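Reader: Could we go through this structure together? I would like to begin with the aromatic residues and then move to the helices.

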Amino acid sequence: MTRRVLPLLPALLLLVPGAALAHPGHGEAVGFAHGFAHPVGGLDHVLAMVAVGLLAALRGGAARWGLPVAFMAMMAVGAALGVFGVALPLAEAGIALSLVAFGLAIVFASRLALPALIGLVGVFAVFHGYAHGAEMPETASGLAYGLGFLAATALLHAAGLGIGFLVSTERRRAAPAMGAAVALSGLTLLVGAF
C-alpha cells in the first residue's frame with residue numbers, strides 16, 4: 001500500500017499551500033496569494049516547473065540546484081520585464097515551447113551538457129516570468145506578489161525533484177515517457193496559441 005501512495009506524495013503536497021491561501025483578510029497576503037496562485041493556476045506553468053525539477057533530478061549532481069536556481073533567477077528577470085511593460089512578443093508561444101524543450105530535455109537528460117541545460121531553462125524561464133509580471137494585479141504588492149510566485153515555483157520544482165528521486169534506477173525507463181508527455185502537452189498548447 002505504501003509503495004502505491006509514495007509516488008503521489010509530491011502531488012498531494014502541492015495541494016497543502018492552497019488550503020492556507022483559502023483564508024482571506026491577511027493584508028499583504030493578497031499580493032503573496034495572487035503571486036502564489038498564478039503558477040499553480042495554469043497547467044502550462046505547473047508542467048514546466050515540475051519538468052525543470054524532474055530534469056534536475058534525472059541529470060543529478062550540480063543540476064539539482066543549478067537548474068531550479070537558473071529558472072527562478074531568469075523568471076524574476078522576465079517578471080520585471082512584464083511589470084515594467086516591456087513587450088515580449090509571442091510570450092504564450094514561448095511558454096508552450098518551453099514544455100516541448102523541457103520534455104525533450106528529460107528524454108535526453110543524460111546526453112546534454114549542464115551549461116546547455118542551464119541556458120535552455122533560463123531562456124524559457126523569462127517567458128514564464130513575463131506572464132507572471134504582466135498579469136500582476138494593480139492592487140497587489142509587487143514584492144509580496146513576486147515572493148508568492150517564487151515560493152510556488154520552488155514548491156513545483158521540489159515536486160519535480162521528488163518525482164525524479166522516486167524514479168529509481170530500475171524504473172528510469174519511465175522518465176522518457178514522462179518527458180514525451182510533457183513535450184506533447186507543449187505541442188498541444190502551441191497549436192492552440194496560433
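Predicted model: local features only at pLDDT ≥ 70, side-chain atom pairs only at ≥ 80, totals over all residues.

Reader: How many aromatic pairs are found in the whole structure?

Author: The search finds five aromatic pairs. Rings of Phe, Tyr and Trp (its six-membered ring) pair if their centres lie within 6.5 Å; planes under 30 degrees apart count as stacked, over 60 as edge-to-face and the rest as tilted. One of the pairs is F71 with F102, edge-to-face at 6.4 Å centre to centre and 65° between the planes.

Reader: Which helices hold F71 and F102?

Author: F71 is in helix 5 (residues 63-83) and F102 is in helix 6 (residues 91-107), so their pair ties together parts that are 31 residues apart in sequence. Helices here are DSSP runs (H or I, at least four residues), numbered from the N terminus.

Reader: Is F71 buried or exposed?

Author: F71 counts as buried, at 0% relative accessibility; buried means under 20% relative accessible area, exposed over 50%, and partly exposed in between (1.4 Å probe, protein chains only). F102 is buried too, with a relative accessible area of 0%.

Reader: And what about F102 and F124?

Author: Their ring centres are 6.0 Å apart and their planes lie at 85°, so this pair is edge-to-face. It links F102 in helix 6 with F124 in helix 7 (residues 114-134), 22 residues apart. Ring pairs join F71, F102, F124 and F127 into a cluster.

Reader: At what angle do helix 6 and helix 7 cross?

Author: Their axes, lines fitted to C-alpha atoms over the stretch in contact, with angles from 0 to 180 degrees between N-to-C directions, cross at roughly 150° and come within 9 Å. That makes the two helices roughly antiparallel (angles over 145 degrees). Residues that meet there include A101, F102 and A105 from helix 6, and F124, F127 and H128 from helix 7.

Reader: Changing topic, where is S185?

Author: S185 is in helix 9 (residues 174-193). Its side chain reaches the backbone oxygen of V182 at 2.6 Å. Leaving aside neighbours within four places in sequence, S185 is in contact (heavy atoms within 4.5 Å) with L47 and L99.

Conventions:
Residues numbered from 1 in each chain as written. Heavy atoms only, no water. Polar contact = N/O pair within 3.5 Å; in protein donor to acceptor, adjacent residues only side chain to side chain. Parallel < 35°, antiparallel > 145°, perpendicular 65-115°, else oblique.
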